[in-house]
Amino acid sequence: MDGRPRKIIHIDMDAFYAAVEQRDHPQYRNKPVIVGGRPDSRGVVATCSYEARQFGVRSAMPSAHAYRLCPQAIFIKPRFDAYREASAIIRSVFARYCDCIEPLSLDEAYLDVSDTELCQGSATLLAKQIKQDILKQTRLIASAGVSYNKFLAKLASDMGKPDGLYLITPEQGPEFAERLDIGRFHGIGPATEQKMRELGINTGKDLKAVPLPVLHQHFGKAARHYFDIARGIDLRPVNADRPRKSVGVETTFEQDLADLGAIQRQLQDLMRTALQRLAEKRMTAYTLTVKIKFQNFVQITRSRTLSEPVADNPACALLLTELVKNTGVGSSKVRLLGVTLSGLDSGDAALKPHRQLDLFDYVQEGVGQCR
């Protein structure tokens, strides 16, 4: 860049999974639709229509609680093939107007249109055109945020949903960040939000008033990011070549598991599923992570990095056994299990350098949401 402000568009599909279901099934239109687990299961809400949101239903909410809020809702099992198909069409629309695209998920992406000459060089007019093309091609509605950085563009896309189009200019950015409630800041999760409120930080203006050394004292490496976004500053580029960092699979059980043998078999099945997904991408992984959430919502994650790729073999099966030792598995009931493969590489694993064996574990207590 030559010093001019960037022009960033954040596109976010409105209630994407539910919108696809309402599009494909006319009988669901204008009705509360919940995509995710059944109401009589231990599952959660993946997403829901705006008709369901009026009753207080939200993503990541236990399906049973969603049912209590909205018993008339239509619960639908996710159809990921349909969502991926729609997502591919949406990305093809992006590609007509922009080369620098950073997908975040099936239903959202950043576009850097700083150098565009389309739509008279106006990012706002371009975002409007992209929204129109998505609607024409998919019959789905997108919201768009336009700003000079990723942080504010993402916030802008939340304004006026559904079917929103909101611009935050460089002149407006710092004041917009100051007025924002700290809970609205993307990148500040529930635990960090609680800690900030305990420190008297409730708005962007409060955050801006905290000196950088004090932020470092309380938030470590994230301090600089918080210092910047409180001022409407975000220097992160749109990364069109962002590599995938991990592949993970997890499951929440209908009934809590107590049998150690059953837990081990579930972990092996999860690892095989993750390995299969990795193989489809022609990649290998060197780090194996096990996630365990107990009946009381205490969550434990344990990882090990290997010198050879993770594989479906007796050695890695034994590693799964080692990772759950001394965690309470077998004596405390387990609500959720997950396996994540990271430390990804592509190409011939035999040519990769030798990797140091390492072991990490931590315990995160009081996790209140089932995800």
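Biologist: Which residues of H1 meet which residues of H4?

Modeller: On the H1 side they are Phe 16, Tyr 17, Val 20, Glu 21 and Arg 23. On the H4 side they are Phe 80, Ala 82, Tyr 83, Ala 86, Ser 87 and Ile 90. Contact here means heavy atoms within 4.5 Å. This is a predicted model, where local features need pLDDT of at least 70, side-chain atom pairs count only at pLDDT 80 or more, and totals for chains, interfaces and linings use all residues. Residues are numbered from 1 along each chain as its sequence is written, and side-chain values use heavy atoms, with hydrogens and water left out.

Biologist: Why are H1 and H4 called roughly perpendicular?

Modeller: Their axes, lines fitted to C-alpha atoms over the stretch in contact, cross at roughly 100°. Angles run from 0 to 180 degrees between N-to-C directions. The class takes 65 to 115 degrees, while under 35 is roughly parallel, over 145 roughly antiparallel and the rest oblique. H1 and H4 are therefore roughly perpendicular. Their axes also come within 10 Å.

Biologist: What makes S2 and S3 a pair?

Modeller: Two strands pair if DSSP finds at least two bridges between them. S2 (residues 33-36) and S3 have three, in the antiparallel sense. Hence the pair. Ile 34 has Cys 48 in S3 as its bridge partner. Helices (H or I, at least four residues) and strands (E, at least two) are DSSP runs, numbered from the N terminus.

Biologist: Why do S5 and S8 count as edges of the five-stranded sheet?

Modeller: The order is S5-S6-S1-S7-S8, with mixed pairing. S5 (101-105) and S8 (165-167) each have a single partner strand, so one side of each is left without a neighbour in the sheet. Inside the order, S1 and S7 run antiparallel, joined by six bridges. Ile 11 stands opposite Ala 144 in S7.

Biologist: How do you know how far to trust the chain, and where does pLDDT stay under 50?

Modeller: pLDDT is the predictor's confidence in each residue, from 0 to 100. The chain's mean is 87, and 91% of its residues reach 70 or more. Over residues 347-371 pLDDT stays under 50. Where pLDDT is low, the predicted coordinates should not be read in detail.
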